[in-house]
Number of protein chains: 2
Amino acid sequence: MGKVFFDLGMSLDGYVAGPNARPGNPIGDGGPKLHTWMYRTAAFAELIGGAPTDRPATEDDALIRRTIERSGATVMGRNMFDEGEVGWPEDAPFRHQVFVVTNRAREPWARKGGTTFHFVTDGIDSALAQAKHAAGDKDVRIAGGADIVRQYLAAGLIDEGNLHVAPVLLGAGVRLFDGLPDPGAVKLTSPFAHLRFQIS
Amino acid sequence: MGKVFFDLGMSLDGYVAGPNARPGNPIGDGGPKLHTWMYRTAAFAELIGGAPTDRPATEDDALIRRTIERSGATVMGRNMFDEGEVGWPEDAPFRHQVFVVTNRAREPWARKGGTTFHFVTDGIDSALAQAKHAAGDKDVRIAGGADIVRQYLAAGLIDEGNLHVAPVLLGAGVRLFDGLPDPGAVKLTSPFAHLRFQIS
């Protein structure tokens with residue numbers, strides 16, 4: 001059986017979105033700075049554009065391809081869906097089953113390219129169970145936003161976290177780890193990460 | 001001329017000290033978890049104990065030795081000194097000139113092993129100028145706490161930051177980057193850091 005993981009960009013001061021996030025400004029003010037490493041890659045261009053590009057195969061590109069490849073299904077929160085619904089291309093950048101945790105019932109919505117959005121109104125456990133079934137042997141990605149990731153973290157349902165720490169201070173916005181009911185209960189295993197940055 | 005740098009341990013949720021920091025509990029509740037990688041090293045044992053140990057020469061050990069070697073003088077805030085004064089051994093773990101930013105005048109205090117504490121009552125610019133003079137060609141370390149590091153960051157006087165990110169969530173305490181007057185003015189240069197951790 002696969003793992004349940006998240007994979008998010010975060011500023012050095014801990015924000016995964018800037019202030020004023022909403023449809024049309026989905027990552028908030030300054031939020032796109034958290035993802036510039038990804039935007040540059042061929043894998044990202046292909047995912048959004050739906051066609052190969054001539055961008056080079058870099059380490060960053062390989063990292064994103066591995067994340068796409070391992071993901072057999074996606075779970076996301078209602079806000080992320082609302083923000084993405086107006087921004088994603090018709091050929092939505094998932095190409096597998098996506099389970100949206102929401103309190104608004106809606107028929108499944110199939111998009112070009114293999115993505116179908118399912119609207120789950122009976123909670124995070126149900127959404128995850130459906131995603132695991134759809135993913136088969138592959139992993140399930142908890143895509144975001146921060147609130148839904150925190151709900152799964154607090155419930156002890158996430159096996160692995162990936163954070164891409166950006167060399168930027170946002171100073172405001174949405175912090176991934178703020179508001180966990182019991183932060184000490186989240187036991188993390190990894191080496192210490194030694195970061196060095198120059199300041200101008 | 002040398003660089004001005006800081007070198008701090010930080011939790012994954014951004015804290016450099018836990019809550020309730022005070023003399024006798026200098027890094028706050030849970031704070032020692034931020035530094036376990038360092039406590040294990042031969043370099044740290046030598047610095048505190050004043051004598052060689054039989055601990056192995058690891059990568060972490062080499063990293064700490066480079067930080068010690070590059071440091072020609074140290075600047076710290078009054079709280080860090082107050083907390084350390086009761087905790088450091090008589091043979092204080094600096095072995096160079098230390099400049100304490102404070103509003104309480106006091107005669108220089110020479111310790112065994114080469115450390116002298118100087119109490120600077122005319123501000124951060126003066127403390128840094130004195131430290132640079134004492135360091136000669138070596139670098140100046142802004143040791144902490146968070147408040148004095150932020151003051152130097154806000155003044156644009158720090159060239160390099162080092163953060164050792166611990167696989168732990170503290171959930172409360174002192175965040176390094178909270179309270180900067182203009183976070184966007186701090187321009188950082190470094191690659192994105194890709195962190196992965198397992199959760200149990």
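Two strands are taken to pair if DSSP finds at least two bridges between them, and strands (E, at least two residues) and helices (H or I, at least four) are DSSP runs numbered from the N terminus. In the predicted model described here, local features need pLDDT of at least 70 and side-chain atom pairs count only at pLDDT 80 or more, whereas totals for chains, interfaces and linings use all residues. Residues are numbered from 1 along each chain as its sequence is written, and chains are lettered from A and ligands numbered from 1 in the order in which they are written.

On these criteria, the bridge partner of Ala73(B) in β4(B) is Gln97(B). β3(B) and β4(B) pair in the parallel sense over five bridges. Strand β3 of chain B (residues 71-77) is also paired in the parallel sense, over five bridges, with strand β7 of chain B (residues 139-144), where Thr74(B) stands opposite Arg141(B). These strands belong to an open sheet of nine strands with mixed pairing, in the order β5(B)-β6(B)-β4(B)-β3(B)-β7(B)-β1(B)-β8(B)-β11(A)-β10(B). At the edges stand β5 (109-110) and β10 of chain B, each with a single partner strand, so one side of each is left without a neighbour in the sheet.

Burial was assigned from C-beta atoms placed from the backbone: a residue is buried if 20 or more other C-beta atoms lie within 10 Å of its own, exposed if 12 or fewer, and partly exposed in between. β4(B) is mostly covered, with five of its five residues buried. Gln97(B), Phe99(B) and Val101(B) lie on one side of the strand and Val98(B) and Val100(B) on the other, and both faces are covered.

Two residues are in contact if their C-beta atoms, placed from the backbone, lie within 7 Å; axes are lines fitted to C-alpha atoms, for helices over the stretch in contact, and angles run from 0 to 180 degrees between N-to-C directions. Helix α4 of chain B (residues 78-85) lies across β3, β4 (97-101), β6 (116-120) and β7 of chain B, running at about 100° to β3(B). In this helix, Asn79(B), Met80(B), Phe81(B), Glu83(B) and Gly84(B) are buried, and the buried residues of α4(B) pack against β3, β4, β6 and β7 of chain B. Helix α6 of chain B (residues 146-154) lies across β1 (4-11), β3, β4 and β7 of chain B and runs at about 130° to β7(B).

Strand β11 of chain A (residues 193-199) and β8(B) pair in the antiparallel sense over six bridges, and Val165(B) in β8(B) is the bridge partner of Ala193(A). The contact between the chains takes 37 residues from chain B and 37 residues from chain A. On the side of chain B that touches chain A, the elements giving two or more residues are β8 (160-166), β10 (188-189) and β11 (193-199) of chain B. Of the interface residues of chain B, 100% are also interface residues in chain A, so the copies meet through the same surface.

Copies were superposed by least squares on the C-alpha atoms of residues with pLDDT of at least 70 in both. Chain B can be laid on chain A with an RMSD of 0.0 Å by a turn of 180° and a shift of 0.0 Å along the axis, which is the relation of a two-fold axis. The C-alpha of Gly14(B) is the nearest to the axis in chain B, at 3.2 Å from it.
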